[in-house]
Amino acid sequence: MANLSRRSLLGAVGGTVAATAIPTLPAWAEDDVRPGAVRAPQLDKYDRQVVRELSPQRAHRHLQVLSETIGPRIGGTASEKRAADYLEDQLDRFGYQTRLEPFAVADKFTAQLGDPRGMLPDDLCWQTGASPGAAHGVTVTGPAVDVGLATAPVWPADVTGAVVLADDNFGARPAFVADAVARGAVAVVLLPTDAVFPRRAQAFSPSGLTGVPIPVIGVAQIQKQRLREALKVVTSLPLAITTTAHKGLTSHNVIGERRGRGTDAPIVMVCAHYDSVIGAPGANDDGSGTVLTLEVARVLASLPTECTLRFALWGSEEQGLIGSRAHVAALSPADRARHRAVFQNDMVATSWDPAITYWLLSFDGLANAATLGVRASAQRLGYEPQIVGPVQRGASDHQSFQEVGIAAANFSWRGEASPALLEPPYHSPEDTIAKNVSFDRLQVSMELIGTAAYAAARRR
């Protein structure tokens, strides 16, 4: 899919609310050659029922709500619950029997980095991590002072009332922060070591600290870059930092179901995780899989199936597949045996140009009903050369199902050399619609999964 380039969208994403211009959305006809396909599709009548109804406009609107209006959706926090309520409402509107599955998750510590002068760019998210061992529930403001390496800081004569920036080092962290406090700093901003391309370091909640009386936050690599760029060209850069401790948390899975013919009807599941990491609006990871799941659910709601259709949006995937593992653990042996195929969708719309391969990722590396179904859909849609796999890889919610013997796989656009080649905005403040979403790729993903799921669910 080499000819799918990054889209240049007008608009900006900042914090938790943003305004984005409507992008150019796919508008190909049923029998048109899709972007990157090797030939025209050869659709059967059932494929056509799905393909003609899938709507990139609806997917775009859902993605705006998740990644812009709500923003980062950290497992168990109020923002994740807002997303869960929205998703449950949508599935309910489509006519599914819906429910939330609650489960406990660990405390979270976040911060919001503000810029009273308006000197920092507003095209990325400025949420960061906060240290569990520092001050929470406070807002401080002060001029930014960059002291360089935490292992060998260059202190100016006076940092009283300043927000101190330094290149982080875990071993030096406690002593450096204590020194900043003693010198009168009002906050510490720890800057990560740059990751190796195409990775970029993500925001983090600095550990190893106890009883620090001022906020200590950990920013992402792109945030570090923007802060230092600004400090090169302005004489003063005041920063405002607000920290929040989220405690006693409950995360939720969102489940929508339409029962098939008979109480023992096979189950066909389409799913994704809807949470994101700290500091990331999660447009592609995994807002894209979430809106794919919603749109496939909407279309299949009006089509006859013999199997039970189940649509799931997992909470707290980013903390270790917690939501999907909780769901699987609660299944009876009989219910586990009913699962015919689980189609997990994680990062299905990146606009990163090298992500030209659509990977079929299986935890055990073997083909199963899910991988075979998507490969058959790819053949009918003219995409077979772009499909690679199944390849052995976990690290998404399909793993929870395959660990107990259920046929499942994860589907994702990634670099062609390896499924480990994820786009630079991955887990970063730049995982936005404008910077990291191709609606062409999203539409192709919706067609592949929608037709495969319908083919699996039509007959017992």
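This is a predicted model: local features need pLDDT of at least 70, side-chain atom pairs count only at pLDDT 80 or more; totals for chains, interfaces and linings use all residues.

Colleague: Great. Where does His398 sit, and is His398 buried or exposed?

Modeller: His398 belongs to helix H10, residues 398-402. His398 is buried, at 0% relative accessible area.

Colleague: What lies 2.8 Å from a polar atom of the His398 side chain?

Modeller: That would be the backbone oxygen of Arg393. Beyond four places in sequence, the contacts of His398 include Gln344, Phe363 and Asn410.

Colleague: On to the rings, then. How many aromatic pairs are there?

Modeller: The count is seven. One of them joins Tyr46 and Tyr454 edge-to-face, with 6.2 Å centre to centre and 70° between the planes. Tyr46 is in helix H1 and Tyr454 in helix H12, so this pair ties together parts that are 408 residues apart in sequence.

Colleague: Nice. Is Tyr454 buried or exposed, and what about Tyr46?

Modeller: Tyr454 is buried, at 2%, while Tyr46 counts as partly exposed, at 28%.

Colleague: And how are the rings of Trp155 and Phe176 arranged?

Modeller: Their planes are at 20° and their centres 5.4 Å apart, so that pair is stacked. Trp155 is in the loop between strands E6 and E7, and Phe176 is in helix H4. Both residues are buried.

Colleague: Last one: which residue lies over the face of Tyr46?

Modeller: Arg458 does, at 3.7 Å from the ring centre. Likewise, Arg441 lies over the face of Trp413, at 5.8 Å. Trp413 is also part of a cluster linked by ring pairs, with Phe343, Tyr358 and Phe411.

Methods: Residues are numbered from 1 along each chain as its sequence is written. Side-chain values use heavy atoms; hydrogens and water are left out. Helices (H or I, at least four residues) and strands (E, at least two) are DSSP runs, numbered from the N terminus. Buried means under 20% relative accessible area, exposed over 50%, partly exposed in between (1.4 Å probe, protein chains only). A polar contact is a pair of N or O atoms within 3.5 Å; within protein, one must be able to donate a hydrogen and the other to accept it, and residues adjacent in sequence count only if both atoms are side-chain atoms. Contact means heavy atoms within 4.5 Å. Rings of Phe, Tyr and Trp (its six-membered ring) pair if their centres lie within 6.5 Å; planes under 30 degrees apart count as stacked, over 60 as edge-to-face and the rest as tilted. A charge sits over a ring if NZ of Lys or CZ of Arg is within 6 Å of the ring centre and within 35 degrees of the ring normal.
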